[in-house]
Amino acid sequence: MRGVFKVKREDGQHVSDFNSQFEARKQDHIRIALSEAVQTRAASGLDEICLLHEAIPDLDFSEVDLSSTFFGRRSPVPFYVSSMTAGHPEAPKINSILVRAASRRGWPMGVGSQRRELTDPAAAKEWRDLRRECPAAILLGNLGMAELIRARLEDIQRLVDHLEADAFFVHCNPLQEGLQAEGNPNYKGSYSALERVARALSIPVVVKETGCGFSRQTMERLKTSGVAAVDVAGLGGTHWGRVEGYRNPAGHLLHESAKNFADWGIPTVQSILWAKEVGGDFDVWASGGIRHGLDAAKVLSLGADRVGIAQPLLAAALQGEEQLDHLMSRFEFELRLALFCTGQNHYRNWKQQKVWRWKSIETS
Ligand SMILES: Cc1cc2nc3c(=O)[nH]c(=O)nc-3n(C[C@H](O)[C@H](O)[C@H](O)COP(=O)(O)O)c2cc1C
């Protein structure tokens, strides 16, 4: 099915089939991503980490400062909304709720994959409208590696221009592509494509996974790719092998195989530790299973520069803007509280002073 579908699309005869299949898939993703069964929380490594309590912080809570920089631009918090949805009828409404809250609170926001515009020029309206809604928002464009390899530079530039993107995410999802009936599991030429795009675009390029993390070896190779940041998007939250598995009925090859790959990936904590060891000339962004402000504090204490959240923000946005705003403010409050209780007024101090330990009791 995969091969047949692709040939038809390249002939240009079935673009409308392709777009309606795309819409249906994106809607499946939202529905399934909200179910507990696709979460791998226990695997993130976050529960294995404790922050060191400081009984006498010598600090006023009001002095705690979350300000950060986003590629040289001031940003009031080190959070961001991870890339989610785009390119289907419900997407503008969801993204509009997300972008208003993100813009109000100063969180940068990634949009979902912009691939639809590669085959449907009318899709550009979605980005233009979003940008018009919040001109000051920090927005990141998005395209999958499988599309990046084949796309022309001018088409990628158009995605950036129509969104007026401040940075551009390239997402890696080999497990998902492999478990998706209509997927495109061809990553041949990824590194040169990434280098080409990172050099050509005038905005920072951030490479991200989608819940399976990056190995030390991959991050070593990324050192010369020209990317400005690596978003580890590790194992521990939404799992795209699981999501694709549930798109097929029990007994289907992809459903059954997905069960065996249900915990595939590199835990978020492991991926961050390797990223710091590798020490590339890129920022390290942490996401994948970040479910509250204390999780965020833990990954920042490991040395991450920025923290992303996807599924919980989507769930809150679907309940309404107030619920979303409440959740975002809770993330911020809990990070402040963690800073206060480690005796620090800024998370950058955690880079100089180790404030975390593994959960098991240390005897020396
Ligand atoms: C409904 C949904 C759609 C997503 N679509 C995209 C996408 O288009 N591009 C992308 O880079 N990541 C996408 N992601 C992956 C997230 O950006 C993130 O890497 C992943 O869900 C892990 O974060 P979480 O555990 O906080 O959900 C999507 C996530 C969700 C929940």
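Guide: Gladly. Start with a pairing: G144 has H171 in β7 as its bridge partner. Keep in mind that this is a predicted model.

Visitor: What makes β6 and β7 a pair?

Guide: Two strands pair if there are at least two bridges between them. β6 and β7 are joined by 5 bridges. So they count as a pair. They run parallel.

Visitor: How do you know that β5 and β6 pair?

Guide: The cut-off is at least two bridges. Strand β5 (residues 109-110) is joined to β6 by 2 bridges, and these strands run parallel too. M109 has L139 in β6 as its bridge partner.

Visitor: What makes K26 buried?

Guide: A residue is buried if 20 or more other C-beta atoms lie within 10 Å of its own. K26 has 20 C-beta neighbours inside 10 Å, so K26 counts as buried. K26 is in helix α2. Leaving aside neighbours within four places in sequence, K26 contacts T85, G87 and H88.

Visitor: Why is E147 called partly exposed?

Guide: The cut-off for buried is 20 or more, and exposed means 12 or fewer. E147 has 19 other C-beta atoms within 10 Å, so E147 falls in between and is partly exposed. E147 sits in helix α6. Not counting residues up to four places away in sequence, E147 touches R115 and L118.

Visitor: How far apart in space are E147 and D283?

Guide: Their C-alpha atoms are 24 Å apart, and 136 residues separate them in sequence.

Visitor: What makes E164 stand out by its phi?

Guide: Phi of E164 is near 50 degrees, a positive value in a residue other than glycine. E164 lies in the loop between α7 and β7. E164 has 16 other C-beta atoms within 10 Å, so the label is partly exposed.

Visitor: And what is the phi of A233?

Guide: A233 has a positive phi of about 35 degrees, although A233 is not a glycine. A233 lies in the loop between β9 and α11. With 33 other C-beta atoms within 10 Å, against a cut-off of 20 or more, A233 is therefore buried.

Visitor: How do you know that the buried residues of helix α9 share a side?

Guide: In helix α9 (residues 190-200), A193, L194 and V197 are buried. They cover an arc of only 100 degrees around the axis, so they lie on the same side of α9. The face turned away from that buried side carries the exposed residues S192 and R199. The buried residues of α9 pack against α6, α7, β7 and β8.

Visitor: Last stop, the ligand. Which residues come nearest?

Guide: Of the 26 residues around the ligand, H171, G237, T238, A310 and Q311 come nearest.

Visitor: Which elements supply at least two residues of that shell?

Guide: They are α2 (15-33), β7 (167-171) and α15 (311-319). The largest share, 3 residues, comes from α2.

Visitor: How many residues of the shell are nonpolar, polar and charged?

Guide: The shell has 9 nonpolar, 16 polar and 1 charged residues.

Methods:
Residues are numbered from 1 along each chain as its sequence is written. This is a predicted model: local features need pLDDT of at least 70, side-chain atom pairs count only at pLDDT 80 or more; totals for chains, interfaces and linings use all residues. A residue is near a molecule or strand if its C-beta atom, placed from the backbone, lies within 6 Å of it. Helices (H or I, at least four residues) and strands (E, at least two) are DSSP runs, numbered from the N terminus. Ala, Val, Leu, Ile, Met, Phe, Trp, Tyr, Cys and Pro count as nonpolar, Asp, Glu, Lys and Arg as charged, and the others, Gly among them, as polar. Two residues are in contact if their C-beta atoms, placed from the backbone, lie within 7 Å. The arc is that of the directions from the helix axis to the C-beta atoms.
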